Amino acid sequence: MRAPRPPSKLCCMVSIARLTAVVLDCPDPHKLAAFYGELTGWQIEYDEPEWVTLNTGASMRICFQENPDYVPPAWPDPTGPQQVHLDFAVENLDDAEERVLALGAIKPDYQPGETWRVFADPAGHPFCLYEED
């Protein structure tokens, strides 16, 4: 169990904005939405030819936007940073790995930690799986 954190000045600040969505560029928004929908169980909320939105059920959405010129990050290549990545808590890391690989994820040879694993989604975006404490 983690020790409680001391109060932070940030907890008392008045917010300017609230994050409601993360948008990922990709070559095929429907394919990527299907991947993340299977991974998380999130449902499609909005579906257009060039844009798909999944609703997480927690006042947050993840959206996929078609970009025909999309170039995937080359993680862990330092000349091509990962740009952004998503972290997902799982109950069993080994079982989750098997399932995401079956969905089309790729596991890079380089794994920087022991308590989480890095994968790339079908469009090449890095994401991590970890067992929550």
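The model is predicted: local features need pLDDT of at least 70, side-chain atom pairs count only at pLDDT 80 or more, and totals for chains, interfaces and linings use all residues. Residues are numbered from 1 along each chain as its sequence is written, and side-chain values use heavy atoms, without hydrogens or water.

**The core**
- The largest nonpolar core holds 22 residues. Such a core is a set of buried Ala, Val, Leu, Ile, Met, Phe, Trp, Tyr and Cys residues joined through side-chain atoms within 4.5 Å; buried means under 20% relative accessible area (1.4 Å probe, protein chains only).
- Elements giving two or more residues to this core include α1 (29–40), β5 (86–90) and β7 (126–131). Helices (H or I, at least four residues) and strands (E, at least two) are DSSP runs, numbered from the N terminus.
- The largest share, 4 residues, comes from α1.
- Tyr 36 is among the residues with the most contacts inside the core. Its contacts (heavy atoms within 4.5 Å) include Leu 24, Phe 64, Leu 86 and Phe 127, leaving aside residues up to four places away in sequence.

**The sheet**
- An open sheet of 3 strands runs in the order β5-β7-β6, with mixed pairing. Two strands pair if DSSP finds at least two bridges between them.
- β5 and β6 (116–120) are at the edges with a single partner strand each, so one side of each has no neighbour in the sheet.
- β5 and β7 run parallel, joined by 5 bridges.
- Val 90 stands opposite Glu 131 in β7.

Definitions and conventions: Buried < 20%, exposed > 50% of the residue type's maximum accessible area, 1.4 Å probe, protein only.
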